[in-house]
Amino acid sequence: MKAKREAYIASIKTQLDELNVNLAEIETKIASTTAAAHAQYAEEMMKLHKQSQQVQDKLAEVKVASEETWEGMINSTEKVRDAFINSFRFFKEQLKDKP
């Protein structure tokens with residue numbers, strides 16, 4: 001059972017790490033935008049970083065949960081992760097439409 005939890009945590013952490021790398025790359029790209037655009041993007045980036053932190057917090061909860069309760073936390077963890085992924089994808093699509 002412990003191996004199953006560790007595999008789950010590793011899987012979510014890998015996804016989170018990949019998204020955070022992509023987020024950092026986007027931040028680098030938007031740093032060279034106009035001041036107005038940069039301000040708008042900065043606000044969105046702040047929201048994405050907050051969602052990333054929420055996923056990290058959920059993973060931390062799963063790590064310390066008892067063997068009996070951690071599987072019950074999967075659904076809420078995945079909801080937070082999915083919300084982050086969807087927000088990230090939406091923001092990335094918005095950037096494609098901008099010069």
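Colleague: What is the relative accessible area of Glu43?
Modeller: Quick heads-up: this is a predicted model, where local features need pLDDT of at least 70, side-chain atom pairs count only at pLDDT 80 or more, and totals for chains, interfaces and linings use all residues. Residues are numbered from 1 along each chain as its sequence is written, and side-chain values use heavy atoms, leaving out hydrogens and water. Buried is under 20% relative accessible area, exposed is over 50%, and partly exposed is in between (1.4 Å probe, protein chains only). Glu43 is partly exposed, at 44%.

Colleague: Which residues are linked with Glu43 in a network of salt bridges?
Modeller: A salt bridge puts a side-chain nitrogen of Lys or Arg within 4 Å of a carboxyl oxygen of Asp or Glu. Lys47 pairs with Glu43 at 3.9 Å, N to O, and with Glu44 at 3.6 Å. So Glu43 sits in a network with partly exposed Lys47, at 43%, and partly exposed Glu44, at 25%.

Colleague: How are H2 and H3 oriented to each other, roughly parallel or roughly antiparallel?
Modeller: Helices here are DSSP runs (H or I, at least four residues; strands are E, at least two), numbered from the N terminus. The axes of H2 (residues 35–64) and H3 (residues 74–96) come within 9 Å and cross at roughly 160°; axes are lines fitted to C-alpha atoms, for helices over the stretch in contact (heavy atoms within 4.5 Å), with angles from 0 to 180 degrees between N-to-C directions. Under 35 degrees counts as roughly parallel, over 145 as roughly antiparallel, 65 to 115 as roughly perpendicular and the rest as oblique. H2 and H3 are therefore roughly antiparallel.
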